Amino acid sequence: MNKNAVITRFPPSPTGFLHIGRARTALFNYLYAKKNEGKMIFRFEDTDLVRSKKEFEKVMEESLVWLGISWDNKVIERQTERLEIYKKYLHKLIAEDKAYVSKEKIEEGEKAGQENEVVRFRNANAKITFTDLILGDITFDTTELGDFIIARNINEPLYHLTVVIDDYEMGVTHIIRGADGISNTPRQILLQQGIGAQKPLYAHLPLILAPDKSKLSGRKGAASVTDLKKLGYLPEALINYLTLLGWNPGTEQELFSIEELIQTFDISKVQKSGAIFNVEKLNWFNKQYISKMSLDQFAKAAGDFLPQTISPKLLPLIKEKINYFGEIQPTLDGELSFVQPLPSYQKESLKWKQESDLVNTKEYLKKIIETLSTQTDFSKESVKSAIWPLAEDKGKGNILWPMRFALSGKEKSPDPFIISEILGKEETLRRLNFAYELL
RNA sequence: GGCCCUAUCGUCUAUCGGCUAGGACACAUCCUUCUCAAGGAUGGAAGCAGAGUUCGAUUCUCUGUAGGGUCACCA
């Protein structure tokens, strides 16, 4: 393998769903690795036995797959399976007097008061400076860290030690993570020096914020990939949006395929400040991707969001209305409700706004019914060409509004021709006659 | 509070010292249109404050202010 090969990594702890912020971190690691013809490693940091759950490992893996983010390691390793490795380093560190065992009382939790033999790292209290690919030089005085704890006991190593060892052993060259990891960096660099590891390059991504600029969380609406998938967003749209949240290529292009993203991605152009997650813009991206789909692709992608017995003629109407699949049912119940039994309505609703009373309206409806009664072909084109001369003669609103309202029972709906086609001759005439009788 | 990071329209952002500060989302108006959606056009909307460097600062430096992150025997 090429010695200079880029290796990035995505090491979530399986303690929840794949949060949008973490998804973007995975995405940027993926883009950076691909861009540099390197690899991305996916592993689980599950040393917190209490919070780590196998179910979450599964959702996280599924979420990445759904997004189209792939990793290059065949087996997804878990830290709980690498204990022997950590112990080896721990013993070495202690033997070299870089760390020491210390008998201390546990201060919090169920075991408070009990004694424990923690392992502390001998901190030389130096100043640590590292160059962040996004933020530039960052300096910490590590004095305040003290001799920090790296293991609960010799058999239970803690996070800072395990990441550093994993990254070293797996040959990680670039650590791309959220900005909340900045203050962990000096500790980890100290540990790298302790075990004789090479210092990787760091890039800290700005955080994704809720609309009130606080940290995004599940309580503030959809916050995980699973939530967004359930709402019916397209993975391509999410990827596109997430990449442009905090990064842009400096051109005015907004729509990118994943391949284009890989080609154009430049980590040094990542924004330094946090970005608010804006659903409106996600909606726009999603709509763009929907409109680019063929009807077949749309039907296939929408899948379970579509009722089993949906008229294929309704598909294009749905497709042009919605932002995301979750809006299909509300649209079917709303503007496209003409497919359902006709709702009751006030007869005044049949009147076009420029008419003063219902006298003309009744006359117009009669003419519409007469025209369509002799019509055999009920395709929207035929219905339109049959009705159009009448509409031109009497005024489009005068004819089309009552016709459309009689057919849909709604203020808002698709045009009366497409409704006629979908309803068919019998039902169309039934609804028109019903309106006529009302007046 | 200590330490660290950040600061351009409501939101995401462009600008590698020259700006009439550009684009996108959202919003408003208009056009198209029987209605809605889509589409087209137009518009309103921003450099946190103060000092310094400079012929010239949104861009560089400092201070202040504000926001965020982080301070575990969690990860």
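A: The account below begins with the helix and its neighbours and then turns to the sheet.

The model is predicted, so local features need pLDDT of at least 70 and side-chain atom pairs count only at pLDDT 80 or more, while totals for chains, interfaces and linings use all residues. Residues are numbered from 1 along each chain as its sequence is written, and chains are lettered from A and ligands numbered from 1 in the order in which they are written.

Helix H13 covers residues 359-373 and helix H14 residues 380-394; helices (H or I, at least four residues) and strands (E, at least two) are DSSP runs, numbered from the N terminus. The axes of H13 and H14 come within 9 Å and cross at roughly 155°, axes being lines fitted to C-alpha atoms, for helices over the stretch in contact, with angles from 0 to 180 degrees between N-to-C directions. H13 and H14 are therefore roughly antiparallel to each other; angles under 35 degrees count as roughly parallel, over 145 as roughly antiparallel, 65 to 115 as roughly perpendicular and the rest as oblique. From H13, Tyr364, Lys367, Ile368, Thr371 and Leu372 meet Ala386, Ile387, Leu390 and Lys394 of H14, where contact requires C-beta atoms, placed from the backbone, within 7 Å. By class, this contact of H13 with H14 holds six nonpolar, one polar and two charged residues (Ala, Val, Leu, Ile, Met, Phe, Trp, Tyr, Cys and Pro count as nonpolar, Asp, Glu, Lys and Arg as charged, and the others, Gly among them, as polar).

H13 also packs with helix H15 (residues 396-408), at an angle of about 75° and with the axes 9 Å apart. That angle makes H13 roughly perpendicular to H15. Asn360, Thr361, Tyr364, Leu365 and Ile368 of H13 make the contact with Asn398, Ile399, Pro402, Met403 and Ala406 of H15. The residues of the contact of H13 with H15 comprise seven nonpolar, three polar and no charged.

Val359 belongs to H13. Val359 counts as exposed because it has 11 C-beta neighbours inside 10 Å (buried means 20 or more other C-beta atoms within 10 Å, exposed 12 or fewer, and partly exposed in between, with C-beta atoms placed from the backbone). From Val359 to Ile41 the separation is 318 residues in sequence and 75 Å in space, C-alpha to C-alpha.

As for the sheet, three strands form an open one in the order S1-S2-S3, with parallel pairing; strands pair if DSSP finds at least two bridges between them. S1 and S2 (residues 39-44) pair over four bridges.

Notes
Two residues are in contact if their C-beta atoms, placed from the backbone, lie within 7 Å.
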